[in-house]
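Trainee: Could we go through this model together, one feature at a time?
Mentor: Gladly; have a look at it, and then ask whatever you like.

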Amino acid sequence: MINVGIIGVDFIGAVHIEALRRLPGVNVKAIASSNLERAEQNAKNLAIDEFYGDWRQLLKDEAIDVVHIATPNNQHFDQVKAAIAAGKHVMCEKPLTMNSKEAKEVFDDAESKGIIHGVNFNIRFYPLMHQLKEMISKGELGRIHTVSGSYQQDWLLLETDYNWRLESAKSGDSRAVADIGSHWMDLAEFVSGQKIDEVCADFKTIHPVRKKPLKEVETYSGKMLQPEDYADVEIDTEDYASVLLNFENGAGGVFTVSQCAAGRKNRAYLEIHGTKKSIAWDSELCNQLWVGSRESMNSLLLRDASLMHSESHKTVDYPGGHNEGFPDTFKQLYKDFYKDVALGSKSDSSTYATFKDGIRELQLTERIVESNEKRGWLKI
Ligand code: SOE
């Protein structure tokens, strides 16, 4: 049995736990929250016996083999470093750390200790994204010349919407790009097999001042609040960004991110054009892939292993028509990761993002922030 400890069990930490509980041979042994009272309440809700109000205590449990980190971004560096020092394998939420320098440091630590490391880029694990990667690598789309899309949400639409992610001291110099643009860029590079080489960004802060509720609000739960007591807070990170891209193979592209797009709940959208075919995919309709052709009818590929390339089958657990969605991506990601944990080393067939990909996303985000400030193109 592989024992796991989870640090941070709000919205996303609970998703980690639910997915881990669907894997054979994995046991969620303990959780840590920001204080003991909260930890006890979370442990009760999640039916976990062992809980800590201080994550350092959790790391002292020698029976714990793997640690998942799902805390606010500014806590990742210390927690990842300490977990590695304690000899634990680590799965960390994105962004891996607050900047690429810190990310490089934890990558070096992890490599020198021989631990298995992962960053929670779950969107790769929608089965049709593994299928798309194979379609592109087998040349079915032809030469890729355009990669575009968006990642849009509406949970920060109102000036009364508030969350720790709005505070740059906790979340970093970028918000929309770091939080959801990072997913989009990881996906675009993963499926296309091409690296982004140049960026030109334009940011907007739609609410330069927001109203902070005087009590704490969990990610997404702000919609349930009544506007009672608020304090004005100046916002120094972007609600919206558009980024022009050039890829190393000469392909062009663009993506838009927004956390203020009314009606777009959590929609990643990717469109890729090649010299033979195009594809389009929408994460809110994640079980279908649109395939565009010039000389024949356009078609929809439905997620069904019998219609998909064999390399993508590992991400499919249910037959066609039995939809697999957001929580399933976490299960598939951890299935891949825990295979390596059990093996004790990273296998060539693994497709989860590692700390190396975590460094990459931070480097991209840093250049995008700089490009917006300098108002021009920058090389990565
Ligand atoms: C909040 O914007 C968030 O929870 C992201 O942090 C996640 O990575 C994404 O899956 C959904 O939205």
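Trainee: Is Gln152 buried or exposed?
Mentor: Residues are numbered from 1 along each chain as its sequence is written. This is a predicted model, where local features need pLDDT of at least 70, side-chain atom pairs count only at pLDDT 80 or more, and totals for chains, interfaces and linings use all residues, while side-chain values use heavy atoms, with hydrogens and water left out. A residue is called buried under 20% relative accessible area, exposed over 50% and partly exposed in between, for a 1.4 Å probe and protein chains only. Since Gln152 has a relative accessible area of 18%, Gln152 is buried.

Trainee: In which element is Gln152 found, and how far is its C-alpha atom from that of Arg264?
Mentor: Helices (H or I, at least four residues) and strands (E, at least two) are DSSP runs, numbered from the N terminus. Gln152 is found in strand 7, which covers residues 144-153. Along the chain, Gln152 and Arg264 are 112 residues apart, yet the separation of their C-alpha atoms is 5.8 Å.

Trainee: Where does helix 8 bend?
Mentor: A bend at a residue is the angle between axes fitted to the seven residues ending there and the seven starting there. For helix 8 this angle is about 40°, and the place is Ser182.

Trainee: How many residues of helix 8 are buried, and which residue just after helix 8 takes a positive phi?
Mentor: Helix 8 is mostly covered, and the count of its buried residues is 17 of 17. Just after helix 8 there is a positive phi of about 70°, and the residue that takes it is Gly193.

Trainee: Is Ala47 buried or exposed?
Mentor: Ala47 has its place in the loop between helix 2 (36-46) and strand 3 (50-52), and its phi is near 55°, a positive value in a residue other than glycine. Because its relative accessible area is 61%, Ala47 counts as exposed.

Trainee: What is the relative accessible area of Arg375?
Mentor: Arg375 lies in the loop between helix 10 (355-374) and strand 17 (378-379). Although Arg375 is not a glycine, it has a positive phi of about 60°. Arg375 is exposed because its relative accessible area is 55%.

Trainee: Which residue does a cis peptide bond join to Lys94?
Mentor: The omega of this bond is about -10°.

Trainee: Which residues form one aromatic cluster with Phe330?
Mentor: Rings of Phe, Tyr and Trp (its six-membered ring) pair if their centres lie within 6.5 Å, and the structure holds six aromatic pairs. Phe330 has its place in helix 9, residues 326-343, and counts as buried because its relative accessibility is 1%. The residues that form one aromatic cluster with Phe330 are Phe326 and Tyr334.

Trainee: The charged end of which residue sits over the ring of Phe190?
Mentor: A charge sits over a ring if NZ of Lys or CZ of Arg is within 6 Å of the ring centre and within 35 degrees of the ring normal. Over the ring of Tyr352, 4.9 Å from its centre, sits the charged end of Lys346. Over the ring of Phe190, 4.6 Å from its centre, sits the charged end of Lys133.

Trainee: Which helix gives the largest share of the lining of the second largest pocket?
Mentor: On a 1 Å grid over the protein atoms alone, a pocket is an open set of points with protein on both sides within 12 Å along at least five of seven lines, and lining residues have an atom within 4 Å of a point. The second largest pocket is lined by 16 residues, and among them Arg124, Lys195, Lys356, Asp357 and Arg360 lie nearest its centre. Helix 8 and helix 10 each supply at least two lining residues, and the largest share, six residues, comes from helix 10.

Terms used
Phe/Tyr/Trp six-rings, centres within 6.5 Å; stacked < 30°, edge-to-face > 60°. 1 Å grid on protein atoms, 1.4 Å probe; cavity = no way out; pocket = protein on both sides within 12 Å on 5 of 7 lines; lining within 4 Å.
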